Amino acid sequence: FPGFETEHPPYAHQEQAWRRLVSSGAAANALVATGTGSGKTECFLYPVLDHCQRAAGPGIKAIVIYPMNALATDQAKRFAEVIHGQPSLKGLRVGPFVGGDARGSQAMGPQQVITDKEALRQNPPDVLLTNYKMLDYLLLRPKDVSIWRHNQADPSLLRYLVLDELHTYDGAQGADVACL
């Protein structure tokens, strides 16, 4: 995949996803269904970060929705490690906006992302990690409107919406996510 160094060669499904999702081409919708531990995260991680490094200016460029806060927190570390390990990604910002304490880290690190909610409101991340309920709040609460200010000025900044663990969104929860 151009521009990225990966620790291991990609699996076939990862390479297919990268070709389909890369924003320098005609990025298209994709659904990745493969076994546990087979590298589904990498299918979207690299195209999302590639887009963020090429997209000029501040604002949210990708939203990744997780079904559980613990999964968002775990995946945030993976984003931090990849960004820290790739000099071309220096300056990219990732922030989980999930429930819990509003205070936290205000800067990216080798294994940490920005977790301070006020810092995220003042300087929105390139990649927003959240859950469907918190995204609903972020879109409606007056105190969170500032996180979208760059996207309101340039709606084309937001290019990726990732629903991780899509199979968990069924029934009423699935309907809520679909409406959101």
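The face of helix α1 (12-21) that is turned away from its buried side carries the exposed residues Ala12, Gln16 and Arg19, where exposed denotes over 50% relative accessible area, buried under 20%, and partly exposed the range in between (1.4 Å probe, protein chains only). Helices (H or I, at least four residues) and strands (E, at least two) are DSSP runs, numbered from the N terminus. The structure is a predicted model, in which local features need pLDDT of at least 70 and side-chain atom pairs count only at pLDDT 80 or more, whereas totals for chains, interfaces and linings use all residues. Residues are numbered from 1 along each chain as its sequence is written, and side-chain values use heavy atoms, with hydrogens and water left out.

The buried residues of α1 are Gln14, Ala17, Trp18 and Leu21. They cover an arc of only 100° around the axis, and therefore lie on the same side of α1; the arc is that of the directions from the helix axis to the C-beta atoms. The cover over these buried residues includes α2 and β4, contact being defined as heavy atoms within 4.5 Å.

An open sheet of four strands has the order β2-β3-β1-β4, with parallel pairing; two strands pair if DSSP finds at least two bridges between them. Because β2 (94-97) and β4 stand at the edges with a single partner strand each, one side of each is left without a neighbour in the sheet. Neighbouring strands of this sheet are turned against each other by 15° on average, direction ignored. Axes are lines fitted to C-alpha atoms, for helices over the stretch in contact, and angles run from 0 to 180 degrees between N-to-C directions.

Strand β3 pairs in the parallel sense with β2 over four bridges and with β1, likewise parallel, over four bridges. Within β3, Leu129 is the bridge partner of Pro96, while Thr130 is the bridge partner of Phe97 and also stands opposite Ile65. Val127 and Leu129 point one way from β3, Leu128 and Thr130 point the other way, and all are buried. Both faces of β2 are covered as well, with Val94 and Pro96 buried on one side and Gly95 and Phe97 on the other.

Helix α3 lies across β1, β2 and β3 and runs at about 160° to β3. Helix α5 (residues 132-140) packs on the sheet, touching β1, β2 and β3, and its direction makes about 120° with that of β3.

A nonpolar core is a set of buried Ala, Val, Leu, Ile, Met, Phe, Trp, Tyr and Cys residues joined through side-chain atoms within 4.5 Å. The largest such core comprises 29 residues, of which Val48, Leu49, Val64, Tyr66, Phe79, Val127 and Leu129 touch the most other members. Two or more residues are given to this core by α1, α2 (40-54), β1 (62-65), α3 (69-85), β3 (127-130) and β4 (160-163). Another core, of 16 residues, lies apart from it and includes Ile65, Leu128, Leu135 and Trp148.

Asp144 is found in the loop between α5 and α6 (149-153) and is buried, with a relative accessible area of 0%. Its side chain makes a polar contact with the side chain of Arg141 (2.6 Å); a polar contact is a pair of N or O atoms within 3.5 Å, and within protein one must be able to donate a hydrogen and the other to accept it, residues adjacent in sequence counting only if both atoms are side-chain atoms. Residues up to four places away in sequence not being counted, Asp144 touches Phe97, Arg121, Tyr137 and Leu138.
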